[in-house]
Amino acid sequence: MLRRIADSKVGEKASIEIPLKSSNNGCTLRLWYWLSTPFFAEFGVYYRESIGERWTNLYQTITPTAKWTRVDVEIPQLRN
């Protein structure tokens, strides 16, 4: 689910929620992103094992890109 986050700061914020199945060995999430902005930009990947638990940061960057950039994020073992 893609949803826009209301914020009074300059720029846009959005959240993409991807439910993941259980994994005994973990898995890799491959993403492509393009951060092209004259303003401060942040791209991050977070996960939590269940609703109400703390979010864990798995990947984060603030470096603008002039092209599509691929990142492979290792997802730990999940028990859902």
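**Close-up views of a predicted model**

**View 1. Thr-61, a buried residue of the predicted model.** Thr-61 is buried, as its relative accessible area is 12%, and the model shown here is a predicted one. The residue belongs to strand S5. Leaving aside residues up to four places away in sequence, Thr-61 touches Tyr-33, Leu-35, Ala-41, Glu-42 and Phe-43.

**View 2. Contacts of Tyr-33.** Tyr-33 is in contact with Thr-61 and also with Phe-43, Tyr-59, Thr-65, Lys-67, Trp-68, Thr-69 and Val-71; residues up to four places away in sequence are not counted. Tyr-33 is also one of the residues of the largest nonpolar core.

**View 3. The largest nonpolar core.** Eight residues make up this core: Leu-31, Tyr-33, Leu-35, Ala-41, Val-45, Val-71, Val-73 and Ile-75. At least two of its residues come from strand S3 (27-33), and at least two from S6. S6 provides the largest share, with three residues. Among the core members, Tyr-33, Leu-35 and Ala-41 are also touched by Thr-61.

**View 4. Trp-68 in its loop.** The loop between strand S5 (56-61) and strand S6 (69-75) holds Trp-68. Trp-68 counts as exposed because its relative accessibility is 52%, and the cut-off for exposed is over 50%. Tyr-33 is among the residues in contact with Trp-68.

**View 5. A nonpolar patch on the surface.** Three tryptophans, Trp-32, Trp-34 and Trp-68, form this patch. Together they have about 410 Å² of accessible area. Of these residues, Trp-68 is the one shown in View 4, in the loop between S5 and S6.

How values were computed
Residues numbered from 1 in each chain as written. Predicted model: local features only at pLDDT ≥ 70, side-chain atom pairs only at ≥ 80, totals over all residues. Heavy atoms only, no water. Patch = residues over 30% accessible without salt bridge, like charges linked within 9 Å, V, L, I, M, F, W, Y side chains within 5 Å. Areas by Shrake-Rupley, 256 points an atom, 1.4 Å probe, with all protein chains shown as cover. Salt bridge = Lys/Arg side-chain N within 4 Å of Asp/Glu carboxyl O. Buried < 20%, exposed > 50% of the residue type's maximum accessible area, 1.4 Å probe, protein only. Contact = heavy atoms within 4.5 Å. Core = buried A, V, L, I, M, F, W, Y, C linked by side-chain atoms within 4.5 Å.
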